[in-house]
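Let us walk through this structure, from its chains down to single residues. Keep the 3D view open as you read.

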Amino acid sequence: MNYLIIGNSAAAVGAVEAIRKKDKKGGITILSKEPYLAYSRPLITEFLADLVTEKGMSYRAEDFYKDNQVSLKLGVSAKSIDAKKKVVAASDKKEYSYDKLLISTGGSPIVPPMKGLNKKGIFTLLTLDESKEIKKNLKGAKRVVVIGGGLIGMKAAEGLHEAGIKVTVVELADRILSRILDEKGSSIFESYLKDKGMDIITSDSVVEITGAKKATGVKLKSKKKIVCDMVIMAIGVRPNLDVIKGSGIGTKQGIIVDNRMQTNMADIYAAGDVTQADDMLSGEKRVNAIWPLAFKQGRIAGTNMAGGTKIYEGGFAQNSLSVLGLSTISMGIVDASSKNGYEVITGSGKGKYSYKKFVFDKDTIVGGIFVEDIDRSGIITGLVKERYKVKDNKERFLSEKFGLINLDKTWRDSKLTKPV
Amino acid sequence: MKRVYPKEDACINCKLCEVACLVEHSETKDIFKAYRDVPRTLSKALVEEDGPNSISIQCRHCTDAPCIDACITGAMQRQDDESPVIVDREKCVGCWMCIMACPYGAIQMDVRKKDKHKVSSKCDLCPGRTMPACVEICPNRALFFEDRG
Amino acid sequence: MAVGDLKSNNYCDFIVDRDQERCIQCQVCVRQCPYGTNIYKEADNIVVSDFSLCTGCHRCEAMCPTGCITIRRNTSEFREHFNWKAADIKNVYKQAATGGVLLTGIGCDKDYPIYWDHILLDACQVTNPSIDPLREPMELRTFLGRKPDTLEFEEKAGKISLKTELAPQLVCEIPILFSAMSYGAVNLNFCEALARAAEASGTYYNTGEGGLHRTLFKYGKNTIVQVASGRFGVDKAYLDAGVAIEIKIGQGAKPGIGGHLPGEKVGKEVSLTRMIPIGTDALSPAPHHDIYSIEDLRQLIYALKEATDYTKPVSVKISAVHNAAAIASGIVRAGADIVAIDGVRGGTGAAPTMIRDNVGIPIELALAAVDQRLRDEGIRNQASIIAAGGFRNSSDIIKAIALGADAVYIGTPAMIAVGCTVCQKCYTGKCPWGITTNDPYLAKRLNPDIGTEQLTNLLKAWAREIKEFMGAMGINAIESIRGNRERLRGVNLSERELKILGIKHAGE
């Protein structure tokens, strides 16, 4: 059996580990566009602020590829797929044949149209190389504008802030972190970060990057102008579908996969940020570009590629974010209100910034937000995943001591008295 | 593999499991020193209580551990299916993805503001011991260390 | 507030001596004390104790992971006075403050003579060989129930068989039974441990007057079901569930007194088991309102026998009172198969202190008197005698058997086996060891699995020791020592006491 994996991040590593559990002999080849062993992508912003070393970012031990007999092609990107011949053409002018193919090409940064994009000092931030490049250019920089107040934007802003830079975040929506928090959560973060010295502008967007050859400022839709030495585009990612063009692989926003992570083509699987897979809460197929799901999908794809049977029960949004010492964890449906038919319970814990929110769809818990007091939030992730039903006294979820003990005893026994 | 299983009906909320765990994971393993340490080592066992009911919760060392899936650095690892899930404190950067993922709430933040040290803290089944400290100390047989298949 | 109220703080019985050097503020003691004695002061990160609340149960001391706690008597002493001991003075303070009856638990703690400590056992030397119980089989098996006056045999086709029809018997592999402790007074975990230990040891436990919880029916073949004046939980199924029925007339700790389980303790399970509404007081009248004579007692005995088809021995339990011997004779004549006599040191979950400490007589004297009386009247074979009330160890038990008991009931030692420290606060319903409490937070402290092991071990250990005594006396069956007062000698006893006990003085 001959396995080929395009991409070399979480999904790829998950797949390799799963394949090797079933198939010790088959050949595994990985085409890695980036010239690095698998690294922890979310840490590129910490790297920016020297909070982590390059070595410290490695996702697996150095011997990982050797131990798993993986032929790793660094700096080689896939160009096209010929599903009939079962070969992939690559940037090194070679053709790689496969019996089973995994596409885990991840995402590529979204760059919105605006004037002045051709200048120096404008960066996207998705790869270690980009992080390195930014770091190089940071010398002497005093002010940076980060476009996008989502997860990547805020992490980038944090990294720069930690590096001693004055950061201005420009967000199109009326609040930051709007995909992972509700209004209250966003406003807690906004005021916290402003207190820490970050500038945050919402309901506005950059229409032009000004400067001669190099970016020296931005012009906003509100006509406001901000002086800066660098602009970082951190709006988000979209599935990187370049390689599958013309291959016949079915896509919408991402590559459509079934619950075995297989595409519409036999022997071709996809996993990670590039996929549009089952979403548990909406019942539709969605792009859930988050690390845990990427790894898990990789693991499931790998198992199925190696002849096993593993079913993806669907994912849903889950996020953990810490910015300048304030942490939040949220899961499932977070921005819901009683207006759209949900039951919402909110409260706070001991901490100054503490905020808790739980969202119920009738009796079923479908989401939650934790700010500052995030310990034990995973219990809610588990309950959302299980579509746990809460009949009465939903307020108990707000209790500081909330735990498994507050849930159904029979359910608890089933979890705690046998292996899970 | 052998795992720690709580028996709720026998848990008397004394929290000696927490004491023993803290001491076992402290640098000196000396109860007096361990409690004077600043910051104090965290207990990886957590006794939950609700009225008269209580139960000691530790990492379940899940077969398909969601914390391993979620870990962005590879710090959360296990050697093989029969081994405990262990967090490599050197690799962990404190992103709390594991806390987000753990359906038992069995992972905690271990944060020291002073030196920006932040790592996840969880049960490692007490390497080097034949029986985890929490199980050994439990005075009412509310914790079992068994292979239940 | 009066000075009298303040006094409790300073005149407290115990001091929680906490070595702050060793205290790690883990608060195990705080969580373990049901009386709220130990308090964590968060602001100062220190654990302190309110001595006035301490009952001397030692739970915190036992659980402290650093051994930083020692419970000591409060050394504050009143001026010595032979008549006015500290306890007497404090009792007056208490009653002056409350106007209430003094309550207590466990058995009498007064220093009446403990005759066991004045009786010594015999052993073989030279002229009759002793037996090594590790090499020779030793028989402890005991049959409790009515024995026939004579035995008749018949011969059929050359085979000889017993013609006499035997009355139903309880077969005990060891002559020790667990005495009546009712569900309600003690919790279900303890009941379960008693039942399982009785099953494992080949003996019996007694339900007391609290009925039989549905989960315990499966231990029926090791259960004696009790019928007391309140008749709680008594129905056909209950009578059928056990292997013997005991009519409780009285108990050693409170002769002539009824019982009172407060409504707060009557939760759902107790309510179902006792067959009374939730939250109502369970009042056991002082007398059985249908028994005012031996003839009435006979009616009840036979009603119970009739109800169970004469398949089970019926026991009658009385407190050891002054004329216990005559009463026992009447009980046997009324048709009881077993007479249980509970001495003044017998335990209780709750009793008025003054009654507990001043009513009844020691079991040693009562037992000797009852055994002698039944022998004198030629009816000793008609009933077995179970002695109860204050047995502390195996030697007390073998001495009781030599004095005439067929078997003994133990209650307090069973509680001590599972942790009881004899703090005598059973009546508060807050037993820190999880024995005499139905508070689910506290009751969990008695894990029936552990309790069963402890109780089984205790019986096993005592049985071994009894066999050692028997071996030393050169006998290999407990039958041979039963009522054999010749193997007992008294020390430091008066002529009168020796006469009642029916034993010679040492040296004779």
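At what angle do helix α8 and helix α9 of chain C pack, and how far apart are their axes? The model is predicted, and every value here is computed from it. In chain C, α8 covers residues 294–307 and α9 covers residues 324–333. The two helices pack at an angle of about 40 degrees. Their axes lie 9 Å apart. Angles under 35 degrees would count as roughly parallel, and those from 65 to 115 as roughly perpendicular. The angle therefore makes α8(C) oblique to α9(C). The crossing of α8(C) past α9(C) is right-handed.

Now look at the residues that make this contact. From α8(C) come C:Ile294, C:Leu297, C:Arg298 and C:Ile301. From α9(C) come C:Ile327, C:Gly330, C:Ile331 and C:Arg333. Sorted by class, the contact of the two helices has five nonpolar residues, one polar residue and two charged residues.

Turn next to chain B and its strands. Strand β6(B) runs over residues 108–112, and strand β7(B) over residues 117–121. The two strands pair in the antiparallel sense, over five bridges. B:Gln108 stands opposite B:Ser121 in β7(B). Together, β6(B) and β7(B) form a hairpin, with four residues between them. In the turn, B:Lys116 has a positive phi of about 55 degrees.

Finally, step back to the chains. Two pairs of chains are in contact, and chains A and B share the most contacts. Chain A and chain C are joined by no contact. Their closest C-alpha atoms lie 14 Å apart.

How values were computed. Residues numbered from 1 in each chain as written. Chains lettered and ligands numbered in written order. Predicted model: local features only at pLDDT ≥ 70, side-chain atom pairs only at ≥ 80, totals over all residues. Heavy atoms only, no water. Axes fitted to C-alpha atoms, helices over the stretch in contact; angles between N-to-C directions. Parallel < 35°, antiparallel > 145°, perpendicular 65-115°, else oblique. Left-handed = near helix turned anticlockwise from the far one by under 90°. Contact = heavy atoms within 4.5 Å. Nonpolar A, V, L, I, M, F, W, Y, C, P; charged D, E, K, R; others polar. Pairing = 2+ DSSP bridges.
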